[in-house]
Number of protein chains: 2
Amino acid sequence: MKVKRKPDETRGALLAAAFEEIHAQGFRAASIDNILARTGVTKGALYHHFPNKAALGQAVVNEVLFTRMQANWQQLNDPDTDPVTLLLGMIDDAIAHADRDTVALGCPLNNLVQEMAGLDEDFRQSLSKVQSAWRAALESALQRGQSRGQVRANLDCEQAAAFLVAAYEGCVGVGKCGAGTEVFTICLQGMADYLRSLRPASQVARLG
Amino acid sequence: MKVKRKPDETRGALLAAAFEEIHAQGFRAASIDNILARTGVTKGALYHHFPNKAALGQAVVNEVLFTRMQANWQQLNDPDTDPVTLLLGMIDDAIAHADRDTVALGCPLNNLVQEMAGLDEDFRQSLSKVQSAWRAALESALQRGQSRGQVRANLDCEQAAAFLVAAYEGCVGVGKCGAGTEVFTICLQGMADYLRSLRPASQVARLG
DNA sequence: ATACATACATACTAGTCGGTATGTATCACC
DNA sequence: GGTGATACATACCGACTAGTATGTATGTAT
């Protein structure tokens, strides 16, 4: 029986399976054997593409995680809507689509940061790049809104962007502790309240 | 050579060592042998006091962690100062005392929530009680401030308390990803800005 | 003093996991 | 159509871990 060799597909399948396994179990508890079982790839093939488990994990962060998250915050670039409204819409979506399982899984970025940032410097740097890019996307969106009078002129956008990332990760994080989605939802509603406070005083009454 | 037997001290030493080990490594990576080495207690003694590793972990949460955190939020009960000022003071303290190591370790509660909440229902419930007590302490402090005109009358205190817990845990969480304390600090400054927005509009200009 | 319970100690089991050594099939290229 | 490099496959190793089995020392009640 002839078997086609497709190294890119093999590598991609390993990355995708590793992402899921790491998301569900964390990096250290993620089992190489589980990843192999999910994909049908053998151990020799895995260790051909990646020198060790840490390299696989970092490739997951740099290639899979970064790409996925970047796609999420791309919509912040929409120039037709003010950033506060955009962010409120994203929160509404998060509340609407929240279900027990996704809340229990948590944010793959935050999960890895909590687990690995203090233990492995290379990991920390890879994760830090994702977080920084997220903050930068938020900051530029807020600045755009500020220049158009949609965001309070006295807001420190860099500070607010950092806090927004932290607050959102915090909401997802504490949500994992709830039996259902209520804790997650109420935290996000509190966050929405904060977001509205970023608007200029003149707009606070006008917009919801 | 006679050796005094002090079961309470033995148990307490195990709990204290387990708390540190779990804080540094996470629960699953926490090594029973390390805990034994730290204390000089033997494995037989440990398994005499705790039926298994999970029970040890939950005892750490219920007895050590809960007590420690409760001590932190007790100061919110001070009736002489308005809650927003109290919370701003706690944030200033956190910024002032932040150093690389403590930021890298993270919040022991949040670490455990991220790691264990989705994996072990008993763990989740123990952690949930700590989180709920924290939220409740914040909520009652905010309500007290509200009844005294120190907090915006239109604030949903339950929502805000939940968001405050989430935001703080988020700040500590994303801080772990920074090389130093800058990310942690800037996030907390953003949080301070949010806290000031909880004051009645009439006080915003007056107080810092 | 006897009988029993609690509190520990030590050696070991059984299993898991990341990683490696070695072998084989397929491809690119001369 | 050889030939060397690439891409896999399989069997295995060594380290480590939670937990147990079994024995012993200490305290206590009668």
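Start by selecting the place where the two protein chains meet: 42 residues of chain B are in contact with 42 residues of chain A, contact being counted when C-beta atoms, placed from the backbone, lie within 7 Å. This is a predicted model in which local features need pLDDT of at least 70 and side-chain atom pairs count only at pLDDT 80 or more, while totals for chains, interfaces and linings use all residues. Residues are numbered from 1 along each chain as its sequence is written, and chains are lettered from A and ligands numbered from 1 in the order in which they are written.

Next, colour helix H9 (157-175) of chain B, which gives the largest share of the side that touches chain A, 13 residues; helices here are DSSP runs (H or I, at least four residues), numbered from the N terminus. Because 100% of the interface residues of chain B are also interface residues in chain A, the copies meet through the same surface.

Now select Cys187(B), which touches Ala162(A), Phe163(A) and Ala166(A) as well as Cys171(B), Val174(B) and Gly175(B), leaving aside residues up to four places away in sequence.

Then superpose the chains by least squares on the C-alpha atoms of residues with pLDDT of at least 70 in both: chain B can be laid on chain A with an RMSD of 0.1 Å by a turn of 180 degrees and a shift of 0.0 Å along the axis. The two copies are thus related as by a two-fold rotation axis.

Note on methods
Helix = DSSP H or I, 4+ residues; strand = E, 2+ residues; numbered from the N terminus.
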